[in-house]
Amino acid sequence: MKRPITAALAVIGYVIMIVPIIFVVATAFTAGNVLRFPPDGISLRWFDEALGYEPFVEAAISSLELAVLATGLALLIGVPVTLAIHRGKLPGKGLVEGLFLSPLIVPELVVGLALFQQLMIGMDLDNFSTLLVGHTALMLPYAVRVTGASLALADPALEEAARGLGASPLRAFFNVTLPVLRPGIFSAALLSVVTSFNNVPLSLLLQGRDFRTLPVTMLDYVQQSYDPMVAAASTLILAATVVIAVVAERTVGFAKIFGGINQ
Amino acid sequence: MLFAPPDVPTTEIFARLGEMLKDPYDLEVIGRTVGLALAVTIICVVLGFPIAYWLARSPSRWSGVFLAVAIFPLMLSNVVRTFGWLVILGSKGALGQLLVQLGIVDVAPQLLYTKLAIVLGLTQLFLPLAIISCYSAVAQVDPGLDDASRGLGASRIRTMWNVVIPLTMPGIVVAATLVFAGSVTAYTTPYLLGGSSQRMLSTQLFNYASTTLDWASASATALIMTVLVFLISGLSSLIGRKGATS
């Protein structure tokens with residue numbers, strides 16, 4: 001190593017990022033009853049328990065429902081908005097862009113509190129509708145930014161050519177613009193489903209007896225009992241995330257997905 | 001004041017805010033939140049920048065793999081990531097037992113529910129964000145500039161300090177802002193690793209809102225959190241603008 005300081009800092013950084021994840025997986029396979037390291041023997045019993053534990057299974061289904069619906073809504077609103085920002089001559093374009101860039105730095109717990117007060121108490125909405133509103137709003141910037149990043153790369157002349165050759169605006173959109181946008185929309189959807197599924201701060205104050213999300217259910221469980229079932233559930237989530245990440249990497253590439261967010 | 005309950009008057013929230021800013025316990029929570037967020041921000045930049053630099057400049061095929069490994073945790077649930085620290089730092093955890101076995105201490109020390117635990121957890125959470133922001137900044141700087149500086153006789157450290165870091169400053173500022181704002185508002189990590197002994201603003205807010213149902217205090221806490229986040233994003237865009245004009 002030519003750069004000893006860089007190397008040392010990099011090793012510390014990677015240890016902090018990765019080692020805890022390895023420990024989660026290692027303890028999930030324990031045969032014992034407590035979270036201990038090294039684990040007492042190897043077994044799959046905690047995976048069985050986690051998959052058979054009704055609150056987790058129900059919450060997982062609820063979270064998935066919420067994530068898919070919120071993502072769908074966010075795309076339905078976000079894609080036309082992105083088109084308007086990039087292609088149209090929208091007055092106040094900067095303001096719109098600023099509006100859709102902002103939620104990533106808004107304290108989600110505060111948004112959750114606001115939604116609770118205004119929608120659940122003020123307008124008497126149920127948990128699910130309130131969560132859906134919140135998650136859709138939270139996912140909008142992903143849809144706008146990632147779609148925008150792929151749209152910026154597309155040549156507007158293509159669309160004009162289609163129109164010039166006699167295609168209707170609708171046909172030009174579906175046959176020319178949409179195929180160009182597809183990878184961006186796909187990556188936005190993947191990222192948005194994952195982010196919504198994992199969200200804690202926004203969902204936290206909006207839980208109800210009949211609708212609870214998985215991460216919040218897991219948090220509550222950890223607080224009550226200290227057994228390896230959460231490690232097993234976490235390992236399953238990890239496995240699913242790895243699959244999604246590989247799909248995302250194969251189709252659009254990691255750097256593009258996240259590069260679109262931070263720039 | 002959208003987060004205020006319809007039946008609590010705004011004056012009551014401001015009265016509560018005034019009380020909080022005098023109350024030693026509430027001040028401690030605010031101070032702890034800002035202090036820990038600052039510590040995490042510094043650590044994330046100090047660890048994240050060299051990693052980003054190395055990833056962006058290394059010709060090795062492995063750097064792509066390491067970049068993916070650094071980015072992947074961003075997609076992984078915070079609950080899952082934080083849970084790992086419970087296994088490591090818990091009373092029967094790996095680190096405590098390791099220290100005992102090595103004979104460094106007789107009894108495993110209290111590691112969980114400490115500031116250290118929160119800092120480790122938040123660093124794990126936000127380091128990928130710092131790496132990505134710095135990475136895109138470093139990738140935009142022409143590597144020829146490094147070579148030119150080295151060729152003109154500057155040492156590695158001097159090149160880093162006088163050439164690379166000033167050119168990548170906007171990316172570093174973005175990284176610091178994201179990490180600070182994230183640390184101030186994070187809930188899962190202070191909840192699992194700090195518990196009730198190391199309350200931060202987020203866990204305090206949840207406590208007011210769901211345990212004590214003290215809506216005025218919850219709203220006042222929300223206000224403090226929001227102001228902190230707006231302050232840091234305002235400060236960062238101010239620095240960004242200055243950097244652009246000078």
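Me: Helices here are DSSP runs of H or I with at least four residues, numbered from the N terminus. In this predicted model, in what order do the elements of chain B run from the N terminus on?

Reply: The model is predicted. Chain B has 11 helices and 0 strands. Read from the N terminus on, its elements run α-α-α-α-α-α-α-α-α-α-α.

Me: At which residue does H8(B) bend?

Reply: Helix H8 of chain B covers residues 156-185, which is 30 residues. A straight helix at 1.5 Å a residue would reach 44 Å, but the end C-alpha atoms of H8(B) are only 37 Å apart. The helix bends by about 60°, with Pro170(B) following within four residues of the bend. The residue at the bend is Met169(B).

Me: Are the axes of H1(A) and H4(B) roughly parallel or roughly perpendicular?

Reply: Two packed helices are described by the angle between their axes and the distance between the axes. The axes of H1 (residues 4-28) of chain A and H4 (residues 78-89) of chain B come within 8 Å and cross at roughly 75°. Angles of 65 to 115 degrees count as roughly perpendicular, so H1(A) is to H4(B) roughly perpendicular.

Me: How many nonpolar residues does the contact of H1(A) with H4(B) have?

Reply: On the H1(A) side, the residues that meet H4(B) include Ile16(A), Val19(A) and Phe23(A). On the H4(B) side, Arg81(B), Gly84(B) and Trp85(B) are among them. By class, the contact has 1 charged residue, 2 polar and 10 nonpolar.

Me: What kind of aromatic pair do Phe49(B) and Tyr53(B) form?

Reply: Both residues lie in H2 (residues 24-57) of chain B, 4 residues apart, about one turn of the helix. The ring centres of Phe49(B) and Tyr53(B) are 6.5 Å apart, and the angle between the planes is 25°. Planes under 30 degrees apart count as stacked, so the pair of Phe49(B) and Tyr53(B) is stacked.

Notes. Residues numbered from 1 in each chain as written. Chains lettered and ligands numbered in written order. Predicted model: local features only at pLDDT ≥ 70, side-chain atom pairs only at ≥ 80, totals over all residues. Heavy atoms only, no water. Axes fitted to C-alpha atoms, helices over the stretch in contact; angles between N-to-C directions. Helix = DSSP H or I, 4+ residues; strand = E, 2+ residues; numbered from the N terminus. Parallel < 35°, antiparallel > 145°, perpendicular 65-115°, else oblique. Contact = heavy atoms within 4.5 Å. Nonpolar A, V, L, I, M, F, W, Y, C, P; charged D, E, K, R; others polar. Expected span 1.5 Å × (residues − 1). Bend = angle between axes of the 7 residues up to and from the residue. Phe/Tyr/Trp six-rings, centres within 6.5 Å; stacked < 30°, edge-to-face > 60°.
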